Amino acid sequence: MTQYRDRSSAGKFLAGRLESLRIDKPVVLGLPRGGVPVAAEVAAALEAPLDIVVVRKLGSPYNPELAMGAIGEGGVRVLNHDVIAAVRVSKRELVAVERDERTELERRARLLREGRSPVSLHGRTAVIVDDGMATGASAAVACRCARTAGAASVIVAVPVASPEAMRVIACSADRVVCPFVPALLGGVGAAFEDFHQLSDDEVLSFLT
(Lines give C-alpha, C1' and ligand atoms only; values in the text may rest on other atoms or scores of the structure.)
Protein backbone atom coordinates (compact mmCIF):
# COMPACT_ATOMS: atom_id res chain seq x y z
CA MET A 1 0.00 0.00 0.00
CA THR A 2 3.01 2.30 0.29
CA GLN A 3 2.53 5.41 -1.88
CA TYR A 4 5.07 7.96 -0.56
CA ARG A 5 8.69 7.93 0.50
CA ASP A 6 8.15 10.36 3.36
CA ARG A 7 6.04 13.36 4.35
CA SER A 8 8.01 15.84 2.25
CA SER A 9 7.64 13.78 -0.93
CA ALA A 10 3.93 13.43 -0.17
CA GLY A 11 3.75 17.21 0.17
CA LYS A 12 5.36 17.72 -3.24
CA PHE A 13 2.90 15.29 -4.83
CA LEU A 14 -0.05 16.93 -3.07
CA ALA A 15 1.11 20.39 -4.14
CA GLY A 16 0.85 19.28 -7.77
CA ARG A 17 -2.85 18.59 -7.23
CA LEU A 18 -3.37 22.03 -5.70
CA GLU A 19 -1.37 24.20 -8.09
CA SER A 20 -4.01 23.77 -10.81
CA LEU A 21 -6.74 25.16 -8.53
CA ARG A 22 -7.51 28.85 -8.56
CA ILE A 23 -6.94 29.57 -4.89
CA ASP A 24 -7.55 33.15 -3.81
CA LYS A 25 -5.12 34.52 -1.20
CA PRO A 26 -4.20 31.12 0.29
CA VAL A 27 -2.72 30.56 3.72
CA VAL A 28 -1.40 27.04 4.28
CA LEU A 29 -2.03 25.62 7.76
CA GLY A 30 -0.18 22.48 8.82
CA LEU A 31 -1.48 20.30 11.63
CA PRO A 32 1.42 19.62 14.03
CA ARG A 33 3.24 17.51 14.17
CA GLY A 34 3.03 15.30 11.08
CA GLY A 35 1.18 17.72 8.83
CA VAL A 36 3.80 20.46 9.00
CA PRO A 37 6.45 18.98 6.64
CA VAL A 38 3.66 18.18 4.14
CA ALA A 39 2.29 21.71 4.48
CA ALA A 40 5.76 23.25 4.02
CA GLU A 41 5.99 21.75 0.53
CA VAL A 42 2.46 22.89 -0.33
CA ALA A 43 3.15 26.43 0.89
CA ALA A 44 6.36 26.63 -1.15
CA ALA A 45 4.59 25.48 -4.31
CA LEU A 46 1.69 27.90 -3.84
CA GLU A 47 4.03 30.71 -2.73
CA ALA A 48 1.75 31.10 0.28
CA PRO A 49 2.36 31.86 3.95
CA LEU A 50 2.86 28.81 6.17
CA ASP A 51 1.29 28.66 9.62
CA ILE A 52 -0.09 26.03 11.94
CA VAL A 53 -3.46 25.23 13.44
CA VAL A 54 -3.04 23.29 16.66
CA VAL A 55 -5.58 20.56 17.36
CA ARG A 56 -5.61 17.59 19.70
CA LYS A 57 -7.41 14.30 19.34
CA LEU A 58 -9.62 13.27 22.24
CA GLY A 59 -8.61 9.65 22.60
CA SER A 60 -10.77 7.12 24.41
CA PRO A 61 -9.62 6.44 28.01
CA TYR A 62 -9.48 2.74 27.10
CA ASN A 63 -7.93 3.12 23.64
CA PRO A 64 -6.11 6.44 23.12
CA GLU A 65 -5.88 5.79 19.36
CA LEU A 66 -9.68 5.72 19.09
CA ALA A 67 -10.84 9.31 18.61
CA MET A 68 -13.89 10.46 20.57
CA GLY A 69 -13.46 13.82 18.86
CA ALA A 70 -10.94 16.63 18.75
CA ILE A 71 -10.32 20.13 20.12
CA GLY A 72 -8.65 23.15 18.57
CA GLU A 73 -7.40 26.62 19.34
CA GLY A 74 -9.98 29.17 20.41
CA GLY A 75 -12.02 26.66 22.43
CA VAL A 76 -13.25 24.77 19.36
CA ARG A 77 -14.46 21.20 19.92
CA VAL A 78 -15.91 18.46 17.69
CA LEU A 79 -17.24 15.27 19.26
CA ASN A 80 -17.89 11.84 17.72
CA HIS A 81 -21.01 10.86 19.64
CA ASP A 82 -21.16 7.41 18.01
CA VAL A 83 -17.72 6.52 19.40
CA ILE A 84 -18.53 7.98 22.82
CA ALA A 85 -21.67 5.87 23.02
CA ALA A 86 -20.00 2.73 21.65
CA VAL A 87 -17.17 2.74 24.22
CA ARG A 88 -19.47 3.94 27.03
CA VAL A 89 -17.40 6.93 28.05
CA SER A 90 -18.91 8.84 30.97
CA LYS A 91 -19.22 12.63 31.03
CA ARG A 92 -16.62 12.76 33.81
CA GLU A 93 -14.14 10.73 31.75
CA LEU A 94 -14.72 12.94 28.70
CA VAL A 95 -14.15 16.10 30.74
CA ALA A 96 -10.91 14.68 32.16
CA VAL A 97 -9.56 13.74 28.73
CA GLU A 98 -10.48 17.13 27.30
CA ARG A 99 -8.86 18.98 30.23
CA ASP A 100 -5.57 17.12 29.75
CA GLU A 101 -5.59 17.59 25.97
CA ARG A 102 -6.45 21.30 26.28
CA THR A 103 -3.41 21.76 28.54
CA GLU A 104 -1.20 20.01 25.98
CA LEU A 105 -2.72 22.00 23.11
CA GLU A 106 -1.93 25.30 24.81
CA ARG A 107 1.60 24.16 25.64
CA ARG A 108 2.27 23.08 22.08
CA ALA A 109 0.82 26.27 20.60
CA ARG A 110 3.12 28.39 22.77
CA LEU A 111 6.13 26.25 21.89
CA LEU A 112 5.60 26.12 18.14
CA ARG A 113 4.55 29.73 17.66
CA GLU A 114 7.52 31.04 19.68
CA GLY A 115 5.69 34.29 20.35
CA ARG A 116 4.61 34.79 16.72
CA SER A 117 1.05 35.88 16.06
CA PRO A 118 -1.01 33.62 13.79
CA VAL A 119 -1.22 34.66 10.12
CA SER A 120 -4.52 36.47 9.58
CA LEU A 121 -7.11 34.33 7.79
CA HIS A 122 -9.69 37.08 7.43
CA GLY A 123 -11.13 36.96 3.91
CA ARG A 124 -8.56 34.41 2.75
CA THR A 125 -8.58 30.75 1.71
CA ALA A 126 -7.27 28.41 4.41
CA VAL A 127 -5.58 25.31 3.01
CA ILE A 128 -5.48 22.83 5.89
CA VAL A 129 -2.84 20.13 5.44
CA ASP A 130 -2.17 16.97 7.43
CA ASP A 131 -0.16 13.83 6.65
CA GLY A 132 -3.38 11.82 6.42
CA MET A 133 -6.88 11.30 7.77
CA ALA A 134 -8.06 8.15 9.49
CA THR A 135 -11.28 9.49 11.07
CA GLY A 136 -11.35 13.13 9.89
CA ALA A 137 -11.91 14.43 13.44
CA SER A 138 -8.73 16.52 13.61
CA ALA A 139 -9.26 18.05 10.18
CA ALA A 140 -12.90 18.81 11.01
CA VAL A 141 -11.97 20.76 14.12
CA ALA A 142 -9.20 22.54 12.16
CA CYS A 143 -11.83 23.64 9.61
CA ARG A 144 -13.91 25.10 12.40
CA CYS A 145 -10.87 26.90 13.81
CA ALA A 146 -10.15 28.44 10.39
CA ARG A 147 -13.72 29.62 9.94
CA THR A 148 -13.77 31.07 13.46
CA ALA A 149 -10.62 32.99 12.52
CA GLY A 150 -12.40 34.52 9.52
CA ALA A 151 -11.37 32.35 6.57
CA ALA A 152 -13.52 32.99 3.49
CA SER A 153 -13.18 29.38 2.34
CA VAL A 154 -11.52 26.22 3.58
CA ILE A 155 -9.73 23.51 1.59
CA VAL A 156 -8.51 20.32 3.25
CA ALA A 157 -5.57 18.66 1.49
CA VAL A 158 -4.06 15.34 2.60
CA PRO A 159 -2.02 12.68 0.79
CA VAL A 160 -4.07 9.74 2.12
CA ALA A 161 -7.45 9.24 3.79
CA SER A 162 -10.04 6.61 4.59
CA PRO A 163 -13.41 6.70 2.82
CA GLU A 164 -15.05 7.38 6.20
CA ALA A 165 -12.82 10.40 6.81
CA MET A 166 -13.61 11.75 3.35
CA ARG A 167 -17.33 11.60 4.16
CA VAL A 168 -16.81 13.29 7.53
CA ILE A 169 -14.68 16.14 6.21
CA ALA A 170 -16.98 16.83 3.25
CA CYS A 171 -19.39 18.37 5.76
CA SER A 172 -16.72 20.75 7.14
CA ALA A 173 -14.61 21.85 4.16
CA ASP A 174 -15.54 23.67 0.96
CA ARG A 175 -13.25 21.33 -0.97
CA VAL A 176 -11.23 18.21 -0.15
CA VAL A 177 -8.13 17.20 -2.13
CA CYS A 178 -6.79 13.69 -1.53
CA PRO A 179 -4.95 11.66 -4.20
CA PHE A 180 -5.13 8.30 -2.39
CA VAL A 181 -8.28 6.91 -0.74
CA PRO A 182 -7.84 3.14 -0.26
CA ALA A 183 -10.95 1.10 0.45
CA LEU A 184 -9.32 -0.22 3.62
CA LEU A 185 -6.92 2.08 5.46
CA GLY A 186 -5.21 0.13 8.21
CA GLY A 187 -3.42 3.27 9.32
CA VAL A 188 -2.08 6.47 7.77
CA GLY A 189 1.51 5.34 8.31
CA ALA A 190 1.03 2.38 5.95
CA ALA A 191 1.10 4.82 3.01
CA PHE A 192 4.67 5.95 3.86
CA GLU A 193 8.05 4.28 3.81
CA ASP A 194 9.28 6.73 6.45
CA PHE A 195 6.61 7.74 8.96
CA HIS A 196 8.76 8.42 12.00
CA GLN A 197 7.43 10.35 14.98
CA LEU A 198 8.45 13.98 14.55
CA SER A 199 9.98 15.94 17.41
CA ASP A 200 8.98 19.50 18.24
CA ASP A 201 12.44 20.63 17.06
CA GLU A 202 11.83 19.07 13.64
CA VAL A 203 8.50 20.84 13.36
CA LEU A 204 10.08 24.16 14.36
CA SER A 205 12.71 23.76 11.64
CA PHE A 206 9.94 24.04 9.02
CA LEU A 207 8.33 27.05 10.67
CA THR A 208 11.37 29.27 11.22
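This note goes through selected strands, helices and residues of a predicted model.

1. Basis. Because the model is predicted, local features need pLDDT of at least 70 and side-chain atom pairs count only at pLDDT 80 or more, while totals for chains, interfaces and linings use all residues. Residues are numbered from 1 along each chain as its sequence is written, and side-chain values use heavy atoms, with hydrogens and water left out. Helices (H or I, at least four residues) and strands (E, at least two) are DSSP runs, numbered from the N terminus.

2. Strand β7. Four of the five residues of β7 (residues 153-157) are buried, so the strand is largely enclosed by the rest of the structure. Buried means under 20% relative accessible area, exposed over 50%, and partly exposed in between (1.4 Å probe, protein chains only).

3. Neighbours of β7. Strand β6 (residues 125-129) runs parallel to β7 and is joined to it by five bridges; T125 has S153 as its bridge partner in β7. The chain passes from β6 through helix α5 (residues 137-148) to β7 in a right-handed β-α-β crossover. Strand β8 (residues 175-177) also pairs with β7 in the parallel sense, over three bridges. β7, helix α6 (residues 163-170) and β8 make a right-handed β-α-β unit. Two strands pair if DSSP finds at least two bridges between them. Right-handed means that, with the strands pointing away from the viewer, the path from the first strand over the helix to the second runs clockwise.

4. V156. This residue lies in β7 and is buried, with a relative accessible area of 1%. The bridge partner of V156 in β8 is V176. Leaving aside neighbours within four places in sequence, V156 is in contact (heavy atoms within 4.5 Å) with I128, M133, A139, C143, I169, A173, R175, V176 and V177. One of these, A139, is 17 residues away in sequence and 7.3 Å away in space, C-alpha to C-alpha.

5. The antiparallel sheet. Three strands form an open sheet in the order β3-β4-β5, with antiparallel pairing. β3 (55-59) and β5 (76-79) stand at the edges with a single partner strand each, so one side of each has no neighbour in the sheet. On average, neighbouring strands of this sheet are turned by 20° against each other, direction ignored. β4 (residues 67-72) and β5 are joined by four bridges, and A70 has V78 as its bridge partner in β5.

6. Helices on that sheet. α4 packs on the sheet and touches β3, β4 and β5, its direction making about 155° with that of β3. α5 lies across β3, β4 and β5 and runs at about 145° to β5. Axes are lines fitted to C-alpha atoms, for helices over the stretch in contact, and angles run from 0 to 180 degrees between N-to-C directions.

7. Helix α7. The buried residues of α7 (residues 200-207) are D200, V203, L204 and L207. They cover an arc of only 100° around the axis, which puts them on the same side of α7; the arc is that of the directions from the helix axis to the C-beta atoms. An α-helix has 3.6 residues a turn, so residues three or four places apart point the same way. The buried residues of α7 pack against α2 (35-46), β2 (50-52) and α4 (91-113).

8. S9. This residue lies in helix α1 (residues 7-19) and counts as buried at 16% relative accessibility. A polar atom of the S9 side chain lies 3.2 Å from the backbone nitrogen of R5.

Terms used:
A polar contact is a pair of N or O atoms within 3.5 Å; within protein, one must be able to donate a hydrogen and the other to accept it, and residues adjacent in sequence count only if both atoms are side-chain atoms.
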